[in-house]
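Please open the structure in your viewer and keep a selection tool at hand.

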Amino acid sequence: MARVDELRLMAKVARMYYVQDMNQQAITEKLQLHQSTISRILKKARTMNLVRFSVSTPPGTFAELEDQLISRFDLKDVVVVDCPAEGETLVRDLGTALAYFLETTLKPGKVIGISSWSRSLFAMVDALHPGDYCSGGKVVQILGGVGNVGNEFQALHLAQRLAGSIDAKPVLLQSPAVVGSAEAQRVLSRDPAVQEASALFDKLDVALVGIGSMEPSKMLAGSGNVFSREERAELQRAGAVGDICFRFFNADGVPVKSPLMKRVIGIDLVKLRACKRVVGVAGGAQKVQAILGALRGGLIDVLITDQRTATTLSEAQR
């Protein structure tokens, strides 16, 4: 049990630090104590419950749910968005959340990888406030972005717009994401423009990716970068539940082995997993199994999703 005079000093130091907003150096000078003594007193005051913290969670935020997912799936961060609707509203809100995440976490000189054909990534660029967040850095396209001529969405523009908004240099993967044969993939992979981008796959600091379900979105189908219904059925028979950058994985996040993967031009899951930080953005009921597989396989480090999806994920078997 601490003596009364020790308790008195603890209370005094705690009030100066937490109530009067004095830093430890100022308290040291005022009380003529060593700074290590001040630090020890503050720690002991917390241990003895002289100091207690209470954080009120604002409406529309889900800190406990985020912490639960971080702990359960060993993630670096989770952002849960309050969006009861699906469709375009959900896409917009997820994109806005990712934009703010980038505005507060990007650093100059970094190499940022960005996938293609994700509506949430397009929404992110729309919501991003331009700034020098990544001055001197690069934005590398990590999945082929050439689509059907006349299609409303062109993934090449996605990488260029992101680079322009964060003051970085774009490095484009100027090819389709899916080609007609393994031989076409080998030929295109030797193209200097493709090699310039793929050479940076091992140097990514951050990768921004969507998480796809087995049913392609309208945007993806319209791009021409899609496997046929029969080919997707083949992947499902092999256990596929979803994809990242058209690299399909099963319910445990294990890559699905298929000759179809030899037709994809883009980063593979081995190199993606080696990236320092992979940020996955996806939500909605149709994406739950794909997101869960990505989490189980450790394919992403940061998840941005909606509250209903996050709740379902938190209740699913690990």
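The model is a predicted one. Begin by selecting helix 6, residues 119-127, which lies across strand 2 (111-114), strand 5 (206-210) and strand 8 (278-281). Its direction makes about 120 degrees with that of strand 5.

The open sheet consists of 7 strands in the order 1-9-8-5-2-3-4, with parallel pairing. Strand 1 (77-81) and strand 4 (169-171) stand at the edges; each has a single partner strand, so one side of each is left without a neighbour in the sheet. On average, neighbouring strands of this sheet are turned by 15 degrees against each other, direction ignored.

Within the sheet, select strand 8. Are its faces covered or open? Both are covered: Val-278 and Gly-280 on one side are buried, and so are Val-279 and Val-281 on the other. Strand 8 pairs with strand 5 in the parallel sense over 4 bridges, and Gly-210 stands opposite Val-281. Strand 8 also pairs with strand 9, in the parallel sense and over 3 bridges; here the bridge partner of Val-279 is Val-302 in strand 9.

Strand 1 and strand 9 are joined in the parallel sense over 5 bridges. To locate this pairing, select Val-80, which stands opposite Thr-305 in strand 9. Helix 14 packs on the sheet here, touching strand 1 and strand 9, and its direction makes about 120 degrees with that of strand 9.

**Helix 14 and helix 4**

Which residues of helix 4 meet helix 14? They are Leu-65, Gln-68, Leu-69, Arg-72 and Phe-73, and their counterparts in helix 14 are Gln-307, Ala-310, Thr-311, Leu-313, Ser-314 and Glu-315.

**Helix 13**

Now select helix 13, residues 288-296. How many of its residues are buried? The helix is mostly covered, with 7 of its 9 residues buried: Val-288, Ala-290, Ile-291, Leu-292, Gly-293, Ala-294 and Leu-295. These buried residues pack against helix 4, strand 6 (242-244), strand 7 (247-249), strand 9 (302-306) and helix 14, which returns the view to the pair of helices at the previous stop. Following helix 13 is Gly-298, whose phi is positive, near 65 degrees.

**Helix 5 and helix 6**

From helix 5, the contact is made by Glu-88, Val-91, Arg-92, Leu-94, Gly-95, Thr-96, Leu-98, Ala-99, Leu-102 and Glu-103. From helix 6, Arg-119, Ser-120, Leu-121, Ala-123, Met-124 and Ala-127 take part. By class, the contact of helix 5 with helix 6 has 9 nonpolar, 3 polar and 4 charged residues.

The last stops are in loops. Select Cys-245, in the loop between strand 6 and strand 7. Although Cys-245 is not a glycine, its phi is positive, about 55 degrees. Is Cys-245 buried or exposed? Its relative accessibility is 3%, so Cys-245 counts as buried.

Then select Asp-21, which lies in the loop between helix 1 (4-19) and helix 2 (24-31). Asp-21 is likewise not a glycine, and has a positive phi of about 60 degrees. With 69% relative accessibility, Asp-21 counts as exposed.

Finish at Ser-258, placed in the loop between strand 7 and helix 12 (269-274). Ser-258 counts as buried because its relative accessibility is 14%, under the 20% cut-off. What does Ser-258 contact, leaving aside its neighbours within four places in sequence? Select Glu-234 and Leu-235 to display these contacts.

Terms used: Residues numbered from 1 in each chain as written. Predicted model: local features only at pLDDT ≥ 70, side-chain atom pairs only at ≥ 80, totals over all residues. Heavy atoms only, no water. Contact = heavy atoms within 4.5 Å. Helix = DSSP H or I, 4+ residues; strand = E, 2+ residues; numbered from the N terminus. Buried < 20%, exposed > 50% of the residue type's maximum accessible area, 1.4 Å probe, protein only. Pairing = 2+ DSSP bridges. Axes fitted to C-alpha atoms, helices over the stretch in contact; angles between N-to-C directions. Nonpolar A, V, L, I, M, F, W, Y, C, P; charged D, E, K, R; others polar.
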